[in-house]
Every structure is written in C-alpha cells, then in structure tokens.
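My notes follow in the order I made them.

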Amino acid sequence: MAFSLIRKLDAPSRGILSRKAVVMLCSLLAPLILLHLLTDRCASPSPVRGSPRNKRLVSERRAAGHGVAEGAVTAVRAGPTVWQLPEESPAFPPPQDLVVSPRFAGKISPLGEGSKKLPQALIIGVKKGGTRALLEFLRVHPDIRAVGAEPHFFDRNYDYGLEWYRDLMPKTLEGQITMEKTPSYFVTREAPARISAMSRDTKLIVVVRDPVTRAISDYTQTLSKKPDIPSFESLTFKNRTTGLIDTSWSAIQIGIYAKHLDNWLQYFPMDQILFVSGERLISDPAGELGRVQDFLGLKRIITDKHFYFNQTKGFPCLKKAEGSSKPHCLGKTKGRTHPNIDPEVVQRLRDFYRPFNMKFYQMTGRFFGWDH
C-alpha cells in the first residue's frame, strides 16, 4: 500500500520538476537572445542623414559630371570624417494591410513620391516649330511628367553620363511617362546613336513647320537678341545675283527635314517617330494632341475643353495649366511679329525647299501642305 502511494505521487512531481527546468532554461536564454539582437542591430550600417552640407557635396559631385552607377555608394569627405552616402534610398515594401483602390493600382508608392527614370519619350525637334507649346500642352496630362528646361544632354552635355541626365528628371509613379524636349537633337548628327544606346524603345516626337516660315521665325528670335545682325535677305544667299541659297546658315539648314530624318532612320524605325504639324498645333491643338496621346499609348484626356484661342497672340492657350487653376498662354517671346521679307526671297526659298518637302512627305506618309 505504501509502495502504491509513492507511485501515485511520482508522476505529478516529475511534471512540476519539468516545468521548473523549462522556466530556468528560458530565463538563462532570454538575456543571450536579447544581447544577440542588440549586437546585430548595432552592426547594421544606418543611412547617413542628408545634412545640407552633405547634399551640397553630392550636388557638386554630380554637377562636375561624376556619374555613379545605380545603387552605388558615394564616399564624401567632410572634415576628418568620411560619410557613406547612398545614391538612392532603398524602396520600402508597403504595409501588408495597405488597401489600394483599383483606380490607383500601379500608380501609388508607399510615400507617394515615385522615382526618377530615364525618359521614355523625347521631343527632339524642331527649333521654332512649336515644341514649347506641345510640351506645355502635354504636361496637363496626369500620366506625363516632363522637365521644363531643355537638358541638351544628347548634344552638349553627353559627357556627364546617364546618371547625371536621370537626376534631372522629375519623379514618376508606376504607369507615368517621363519626357523632355530639346529641339536641337533633330539636327545633331550624334544624337540618334546616343539615344538608341540609352534605349532603342524611346519614342520620338518631331514638331515640323513650313520651313520658310520657320526660318523667318528663327531669324526673328536672333534679331531680338542681336539687333545689329545682317538682314534676312543677305544671310539667305551665298550670292544674291545667282540666287544660290546658303545652306550653311542654320536657319536654312534646319528646314531640310528629309536630310535630317535620313540620319534618324538609321537607328529608329519610322513607327517610333511621330511628326506633329506646327500649323495644326495652332489651328487644331486638340486634334494634334489626340495623335500624340495615341502615339504614347495614353488615354485621350487632353481635349477641346482644355483650350481657348487668344486672338491677340494668335495662339491657343490652356484654360488650366499644370498645377494651376488659372488660364495659361505661352510667354511673350512666342508669337513675335515677323519682319517684312522681300517676296522674291520668300519665293526663292519656297522653290529651294520644294524637292526636300516632297521627299519628306513621302518618307513620313503625311502631306503637310507647305508648297503654295
């Protein structure tokens, strides 16, 4: 009987001893685990906060043209300390409980800031064709983000590198298109190869205008800056008596569109280049903008309701510009009054451009109606 009583008490006592052992083991392990976590956290490099001085140093480095590969870390010496500055902050994953409306799916980031990307579309020309008007109109579209100033990367600043170029771009969200415009690209011989090296899928937009009117507009702009330049007529001809046109003058050379297009077609197929009529951009801005939106694969959001015609300037204006609730017209430098040009000189120029225009119509498959 005594033996059976001992047996009955033995099992519970073992359970009590086991629980005590587990508690003791946990109390011993807990400090070790905590120590390990603290050591691991301290060993992880924390990002350096961007003080104004550090930001200035990075800006100076970029301005000097020292591009850095994506994700690379730039070492900047500030006094005796060397700071490790991440070129770009890593993207943080969204919270698991974040619910995104289907309307904004793919167009939202956790911080709503987006990231800088190389442009997927470029307005490459032509000077005095209407590129500024086109860019201002396009910026109304919510899915287009564009640089306001002309970067001149593929003609003047190419040595700075693609990282420098990308840093000029605005931040975009998923599904938005990054754009810039530099009209001189169209006549820069090296530009097609350089843009193709960046991306063969880049979409190109060229705003073209009657080459005679374009040349006079080009001259008018130069005249406003340099009033003492020679007359339009004297610059047009190598020899006024023989009527030989001076094609070395840039105002004349830019309008030989077929010649410049030949250079681009060596690197890009025609279906990646859209030609916008500068004349129709004035008479029917919504129509031309519709073609551009289709070309970029965007919904036609910019329509007739966005424009009104300013009789004084002779140009269409936006009822509401990007980021504003007020009407917006192009600056006073647009729509300058052209000087009176000798009608005989104008006719000589029309005769000169006619064969080039005809070839351009054939190449683009579009008749622009410049030959009167």
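I started with a pair of helices in this predicted model. The axes of α9 and helix α12 (residues 343-364) come within 8 Å and cross at roughly 40°. I noted both values, as two packed helices are described by the angle between their axes and the distance between the axes. An angle under 35 degrees would count as roughly parallel and 65 to 115 as roughly perpendicular; α9 and α12 are therefore oblique to each other.

Next I looked up which residues in α9 and α12 meet. On the α9 side I found Y257, A258, L261 and D262, and they meet F356, K359, F360, M363 and T364 in α12. I sorted the residues of this contact into 6 nonpolar, 1 polar and 2 charged.

Then I turned to α5, which covers residues 191-198. Which residues in α5 are buried? I listed A191, P192, I195, S196 and M198. These residues lie on the same side of α5, because they cover an arc of only 155° around the axis. I recalled that an α-helix has 3.6 residues a turn, so residues three or four places apart point the same way.

I also looked up what the buried residues of α5 pack against. The partners are the strands β4 (121-125) and β8 (203-208), and the helices α4 (162-168) and α9 (257-264).

Last, I took down totals for the chain. I counted 12 helices and 13 strands. Buried residues make up 38% of the 372 residues. Among contacts between residues at least 6 apart in sequence, 68% join residues at least 24 apart. The accessible surface comes to about 22000 Å², and 57% of that belongs to carbon and sulfur atoms.

Terms used
Residues are numbered from 1 along each chain as its sequence is written. This is a predicted model: local features need pLDDT of at least 70, side-chain atom pairs count only at pLDDT 80 or more; totals for chains, interfaces and linings use all residues. Side-chain values use heavy atoms; hydrogens and water are left out. Buried means under 20% relative accessible area, exposed over 50%, partly exposed in between (1.4 Å probe, protein chains only). Helices (H or I, at least four residues) and strands (E, at least two) are DSSP runs, numbered from the N terminus. The arc is that of the directions from the helix axis to the C-beta atoms. Contact means heavy atoms within 4.5 Å. Accessible areas come from the Shrake-Rupley method with a 1.4 Å probe; for residues, only the protein chains shown count as cover. Axes are lines fitted to C-alpha atoms, for helices over the stretch in contact, and angles run from 0 to 180 degrees between N-to-C directions. Angles under 35 degrees count as roughly parallel, over 145 as roughly antiparallel, 65 to 115 as roughly perpendicular and the rest as oblique. Ala, Val, Leu, Ile, Met, Phe, Trp, Tyr, Cys and Pro count as nonpolar, Asp, Glu, Lys and Arg as charged, and the others, Gly among them, as polar.
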